[in-house]
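Please have the sequence and the model open.

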Amino acid sequence: MTKASRCLAGLLAVAAIVLSAVVAGPALAAPARWDPQTTNVPYVAWRGEQVRLVKCDPVLATAGVKVEFFVEEWSGSGLVPRVEDATVDSSAGCAKADVVSLDPGLARVKLVATDATGDPILKHQFLVIWMSLTDPAIDEVGTADPTGDSSLGDPAGDGNFNAGGNNGRIQVEVKGTFPFGGTTYTLPDAWPTLAGLLAQDANSNPFDNATKWDIHDDRAKTENHPLYSQCTTHRASVSIDAVDDCNGAPWGDHGPFSRVFGDLIPAFGPFDPVVPQATLFSDGKLDAGDAPMPAARVDVSIVPNSGAPTDIGGVGSLEKADKTSVYSRDSAGTGSAHNLYAPFYKAYIPATSRPGLASGVDGPAAGNNFTGFLVDGLYDYWGIADRLRTAVASPTTCLRRSDQEPPYRQTPAGDQSVAVYTDEHGEAQVEYNPGGARGNGFYFDNLAAIHNDNGGCDLEGIDVLGTSSISATARYPYQPVSDPDKTSASITKRVHSLFTKTLSYYPKGPGEANSNARIVVAHAQDIDGVPFAGEKVCFFVDDEADGAFGFTGTTGLPGHRFSVGGTDGGSFGTADVCRITDEHGNAAIEVINSDPQSINVTTLFVAEALLRDIKVDFGTSGSTAGPTPPGGAPQDPPPPPVTALEAKTAGVPVGFAAHKKVKAARVSVSYLKSRHGKRFVVVRVASSKTKAKVRIRLIGRHGRRLKVVTRTIRTNRLVSIHVTTKAKTAHVAIVR
């Protein structure tokens, strides 16, 4: 027995104990649990799929029993569905056979069982529906949408992202059509109508037949459970059950989950009348959510970049959207009580890959001269079943930072066409990653960036870095049929830049003496809004100024005060002062001038080879200019503005200077880089001490934790630490 088989068998055994406890308990007002094997809930499939029909009954265990399956009625215009003779079997009290159709329609399939003398001992009528695909509906999920949450990268759902921002989500819904009685029906919408027309049950009361087609819950977040429920909270005088993990989910996204019968059972999709103890989740109402939509293959694709010199399309990548998180009240998929409210979260594809006896869409999963299913077994909604096209990053001519690897910005990377399967409601979702992390992921050579002779690539003023045109194609999941694939309309995404290099200046303070000084702040941040920390910035100050030196402390305007850190950056040509930016991407100098004039300050961001300049007005008392950059919280009291060495270098009397305030060690820079086939974590620790101990947690693919590395390193400089090449992310912290 496989691990999956043992897991399912164990959960079903526990469910059986729970069910028996309910039966043995006191009489309650719960509706009687009905047996799907005594109803005619249809099997639903896509054109070209084989459907295994199963009927179990003690009479079928009679010695010498023979069984026959045949199609009694067919509503389609094509060939009558065929019973695959080689699949007909009867054993252990169950009869089964596969039936297939390449055309849409509804079939009534009769099972006849006879004993050893040829007398009929059981007759059962199955309903089987084969559907044609419709054009998929595609939508960008926004925060206000039913499955939206506050973490989405485009909360308005309008396709506008910031580079390096959170992922968005794309929702795809697929419906199916088939002819019956001169009318074309669409599922899941027409499920209640069909129940009213076709539902039958073994009992003699015709008025409750349709209720037996209530096999699923819906996708709404409504709460409450009937008073007779085994749920310990949120019970009320209601007849409809919320179908959620009302007492918590010790089995993860398998539950157990409540249902209108008052009990709790595990969830392993899809619905199977042979396995009601893990698939029947009646909620007390019949609606479109009850239609057992079969898994359709959906290929979601980003239109690739054309290669034209001005084409900025084809950016971003596609990733798995986890249904367990999407359909949970906390949007994290935790197993807390009442959090998971829309099973199934996993289902078998094909349905008969379920361990033990199972019915529904049959395999084998792989075809011989056709693709067949891309998965074979328990499928985690909405996992990537296949990666159909993947973009590989390549360097552009746009310099990012010459002091980091890779120095040049990269084109997009990641999966750009993926295959997923829809769930029991005909829905699938995928996540959209806009790109931009660490300043990469766009066709920078196709942007109107300004290049200079030092190799600088200035992205200032460029708003949209790239676009994505995305569509979804629904495909018949098993074998070719005469109906073509169906493709949705396209949705467009735009990824915006947060790149900026700015200079601003502020009064040193009130009073006549302070009017002779201004604090000039340089700020640098990348396209993803991440500060350019640890970058050397050199200030060239007009010769008319009386002096200039590095500044650390609190500055800004009232109500918008912020602290600036940074360290001495050494020299660079004829620059007056060079500084290393702090963790907020800021570096500052103090400019001294006693004459009422403008002093020009030009700044070179050395690793980027980019220039900025600003005129500092000393002629207007309290003058200020430039945008207020993000920075640290104001420090009270602020640290001394300069060290004695800085003051002496700037020509300021030594009595003006003071030693730096001792600060706790902090990680100011950390990132992963590759060089000559090896992987390194680059770390810079800012500290008043010469050494610090750091702990590095290495994370691999899919968030898998690799190992923890502890090292003692020199402070106030970039240090490279060799790590495993499997590391995709590194979290660095100070060991106190």
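**Cavities, cores and strands**

E19 gives the largest share of the lining of the largest cavity, three residues. Strands here (E, at least two residues) and helices (H or I, at least four) are DSSP runs, numbered from the N terminus. The model is predicted: local features need pLDDT of at least 70, side-chain atom pairs count only at pLDDT 80 or more, and totals for chains, interfaces and linings use all residues. Residues are numbered from 1 along each chain as its sequence is written, and side-chain values use heavy atoms, with hydrogens and water left out.

**Largest cavity**

- The structure holds three cavities of 30 Å³ or more. A cavity is a set of points, on a 1 Å grid over the protein atoms alone, where a 1.4 Å probe fits but cannot get out; lining residues have an atom within 4 Å of a point.
- The largest cavity contains about 350 Å³ of space. A volume is the space filled by probe spheres set on the grid points, which are joined across faces, edges and corners.
- Its lining numbers 28 residues, with Val-44, Pro-270, Pro-294, Ala-351 and Val-361 nearest the centre.
- Strands E1 (43-46), E19 (346-349) and E20 (360-361) each supply at least two lining residues.
- By class, this lining has 21 nonpolar, four polar and three charged residues. Ala, Val, Leu, Ile, Met, Phe, Trp, Tyr, Cys and Pro count as nonpolar, Asp, Glu, Lys and Arg as charged, and the others, Gly among them, as polar.

**Second largest cavity**

- The second largest cavity has a volume of about 90 Å³.
- Residues that line it include Pro-36, Tyr-43, His-124, Phe-126 and Pro-273.
- Strand E7 (residues 120-133) gives the largest share of this lining, four residues.
- Seven lining residues are nonpolar, five are polar and none is charged.

**Core packing**

- The largest nonpolar core has 136 residues, and Leu-187, Leu-459 and Val-591 have the most contacts inside it. Such a core is a set of buried Ala, Val, Leu, Ile, Met, Phe, Trp, Tyr and Cys residues joined through side-chain atoms within 4.5 Å.
- E7 gives the most to this core, with eight residues.
- A second, separate core of 18 residues includes Leu-672, Leu-698, Val-723 and Ala-730.
- Met-131 lies in strand E7. Met-131 counts as buried because its relative accessibility is 0%; buried means under 20% relative accessible area, exposed over 50% and partly exposed in between (1.4 Å probe, protein chains only).
- Beyond four places in sequence, Met-131 touches residues including Val-44, Trp-46, Phe-178, Leu-187, Pro-294 and Tyr-476. Contact means heavy atoms within 4.5 Å.
- Leaving aside neighbours within four places, Leu-187 is in contact with Val-44, Ile-129, Met-131 and Met-293, among others.

**Strand pairing**

- Four strands form an open antiparallel sheet in the order E4-E5-E2-E20. Strand E4 (82-91) and E20 stand at the edges with a single partner strand each, so one side of each has no neighbour in the sheet.
- Strand E2 (residues 50-56) pairs with E20 in the antiparallel sense over two bridges. Two strands pair if DSSP finds at least two bridges between them.
- Val-51 stands opposite Val-361 in E20.
- Nine bridges join the antiparallel strands E45 (residues 691-699) and E46 (residues 705-714). Lys-691 stands opposite Arg-714 in E46.
- The hairpin of E45 and E46 has five residues between the strands, and His-702 takes a positive phi near 60 degrees there.

Conventions
On a 1 Å grid over the protein atoms alone, a cavity is a set of points where a 1.4 Å probe fits but cannot get out, and a pocket is an open set with protein on both sides within 12 Å along at least five of seven lines; lining residues have an atom within 4 Å of a point.
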